[in-house]
Amino acid sequence: MTTKTDRAATTLSLKLVWVQRAWKTGRHNAFTDLCYFRQRFYLVFRQASGHHSKDGFLRIMSSVQGKKWRTVAVLHNPIADLRDGKLTVTPDGKLQLLAAAAFHDKTNKAYQSYLWLSSDGKHWSAPQEAGEAEYWLWRLSYLRDQAYAIAYKCGADRHIRLYQQNTAGQFEVLASRIYDQGYPNEAALLFDQQDRAWCLLRKDPDHGQLGYALPPYQHWNWLDIGCRIGGPQAIFTPSGQMLAVVRLYDENIRTSLVTLDPCKGDLRELISLPSGGDTSYAGMVLHGNELLISYYSSHQGRCSIYTALLSVEV
């Protein structure tokens, strides 16, 4: 894959302002996400002894500008490894955390997703089960007041499905099998100004896929993006440009900001962030003309958490 900007990105001016290591304590720090809540940025990531160790917990930090971070909460589960925390703001103004528990004892079930709520980022509710056991809810996204999530099936019979949250807060299956070729797993879910749903999908070890569907999101169309990706997260700019941060595998493994052509599915790399080895799993917050990105990387030794600020002019 060549590093160049596609036609859709010619009106987008990006500049990397700074990159900073936000956290390096701990043997393995990874799997980040970002959110802007009550005039502060919030960052969540997993801290553990290793990539696949059983002792993972979630550290939540806050910052005014995205440079200097302080820990505001730590969430543990004594019987499970907590992984892949994702932050969103609910329509009624609460901070919401979605994460998956990988249980130590897999006799009854191996995986379960959970939701936590907070009014201040410091104090969190007890976890509530989200979705079905053995389905990993990867990321929760809102279309106005309605929450949706894409989950992938753990174990055999690999596929992804779409959930919709009901008025009681439970996640119900909206579309049970929206992609089932190869090994589909991590997915960024977003909505455009016409209420179309978009899914940037990791598919190992093959090329990633870009899917789209019209309401009520039962029938999906898929485009090959032309390369393998990992840890996808994506947003739309106000002008409708689709930006994503992914792990790229060609040449040197790295975390990069990319753009995607919704008509063809083509992925083009815009900026390669300082990264390498064990890396990716980004959070993205577009705040005015500034894009703050969180990610992790092992290019400076142990896996650490980084934040990067980019100026965005459309």
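Author: Two strands count as paired if DSSP finds at least two bridges between them. This is a predicted model, by the way.

Reader: What is the strand order in the open sheet of 4 strands?
Author: Strands of a sheet pair through backbone hydrogen bonds, either parallel or antiparallel. Here the pairing is antiparallel, and the order reads S1-S24-S23-S22.

Reader: Which strands stand at the edges, and why is one side of each left without a neighbour in the sheet?
Author: Each edge strand has a single partner strand, so one side is left without a neighbour in the sheet. The strands in that position are S1 (13-23) and S22 (280-287).

Reader: And how many degrees does the twist average from one strand to the next?
Author: Stay with that open sheet of 4 strands, in which the pairing is antiparallel. Going from one strand to the next, the twist averages 20 degrees.

Reader: How many Å apart in space are Asp-84 and Phe-45, C-alpha to C-alpha?
Author: Along the sequence, 39 residues separate Asp-84 from Phe-45. In space, C-alpha to C-alpha, the figure is 7.1 Å.

Reader: Which residues are closest to the centre of the largest pocket?
Author: That pocket has a volume of about 820 Å³. It is lined by 30 residues, and the elements giving two or more of them include S6, strand S10 (135-143) and S22. By class, the lining divides into 19 nonpolar, 7 polar and 4 charged. Closest to the centre are Leu-190, Phe-191, Ala-234, Ile-235 and Phe-236.

Reader: What about the second largest pocket: how many charged residues does its lining have?
Author: This pocket holds about 570 Å³ of space, and 27 residues line it, with His-52, Arg-83, Tyr-111, Trp-136 and Tyr-152 nearest its centre. Among the elements that give two or more residues are S6, strand S7 (95-103) and strand S11 (146-153). Sorted by class, the lining has 10 nonpolar residues and 6 polar ones, and the charged count is 11.

Notes: Residues are numbered from 1 along each chain as its sequence is written. This is a predicted model: local features need pLDDT of at least 70, side-chain atom pairs count only at pLDDT 80 or more; totals for chains, interfaces and linings use all residues. Side-chain values use heavy atoms; hydrogens and water are left out. Axes are lines fitted to C-alpha atoms, for helices over the stretch in contact, and angles run from 0 to 180 degrees between N-to-C directions. On a 1 Å grid over the protein atoms alone, a cavity is a set of points where a 1.4 Å probe fits but cannot get out, and a pocket is an open set with protein on both sides within 12 Å along at least five of seven lines; lining residues have an atom within 4 Å of a point. Grid points are joined across faces, edges and corners, and a volume is the space filled by probe spheres set on the points. Ala, Val, Leu, Ile, Met, Phe, Trp, Tyr, Cys and Pro count as nonpolar, Asp, Glu, Lys and Arg as charged, and the others, Gly among them, as polar.
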